[in-house]
Amino acid sequence: MKDTKLPESLVKSSFRYLFSTVVNLLMDLLTENPSYTKLEWSLGVRLRGNLDNLAKWAATKGLEMEFQKANTKVSEAADLVATPRAQLSQICSAVQLRRRYPNLGAGQMAKILARLTDTDIDFVKPIAQVR
């Protein structure tokens, strides 16, 4: 950010907007986009790693707070998709899932759970239906 002649507040607000746009797009892909109806564990792992890389980059540019504010929900979504299915099956209730992923709305969580692959769909159905 020191390389620019723009006011710091303009740079930060521009990146806040950029980060929130990217996060909204990612959440839409995970919950609404018909191209992503089967969410594999590896997608969550890759998304988690890329979000970590973006957080590191934002920190080096003095934009850590702006990124963290926008990133909370999609970070939890990535963690949910990246959770090993055996571990996910041990979380036996919607209440436990809400505690673990408090920033995800019930509808968002239900949509993500319904799209997970490599999991016992009978286990996910009751939790995915809680809204």
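By class, nine nonpolar, one polar and one charged residues line the largest pocket (Ala, Val, Leu, Ile, Met, Phe, Trp, Tyr, Cys and Pro count as nonpolar, Asp, Glu, Lys and Arg as charged, and the others, Gly among them, as polar). The structure is a predicted model, in which local features need pLDDT of at least 70 and side-chain atom pairs count only at pLDDT 80 or more, while totals for chains, interfaces and linings use all residues. Residues are numbered from 1 along each chain as its sequence is written, and side-chain values use heavy atoms, with hydrogens and water left out.

The lining of the largest pocket consists of Val-22, Leu-26, Leu-29, Leu-30, Tyr-36, Leu-43, Arg-46, Leu-47, Asn-50, Leu-51 and Leu-54. Two or more of the lining residues are given by each of α1 and α2, and α2 supplies the largest share, six residues. The space in this pocket is about 210 Å³. A pocket is an open set of points on a 1 Å grid over the protein atoms alone where a 1.4 Å probe fits, with protein on both sides within 12 Å along at least five of seven lines; lining residues have an atom within 4 Å of a point. The volume is the space filled by probe spheres set on the points, which are joined across faces, edges and corners.

The protein chain has seven helices and zero strands (DSSP runs numbered from the N terminus: helices are H or I, at least four residues, and strands are E, at least two). Of its 131 residues, 37% are buried (under 20% relative accessible area, with a 1.4 Å probe and protein chains only). Among contacts with a separation of 6 or more, 70% are between residues 24 or more positions apart (heavy atoms within 4.5 Å).

Helix α3 covers residues 64-82 and spans only 23 Å between its end C-alpha atoms, whereas a straight helix of 19 residues would span 27 Å (1.5 Å times one less than the number of residues). A kink of about 55 degrees in α3 is centred on Asn-71, the bend being the angle between axes fitted to the seven residues ending at a residue and the seven starting there. Asn-71 is also one of the buried residues of α3, which include Phe-67, Val-74 and Leu-80. The buried residues of α3 pack against α1 (8-31), α2 (41-60), α4 (85-90), α5 (94-100) and α6 (106-115).

Ser-75 lies in helix α3 and is buried, with a relative accessible area of 13%. Not counting residues up to four places away in sequence, Ser-75 touches Arg-48 and Leu-51. Leu-51 also belongs to the lining of the largest pocket.

Conventions:
Buried means under 20% relative accessible area, exposed over 50%, partly exposed in between (1.4 Å probe, protein chains only).
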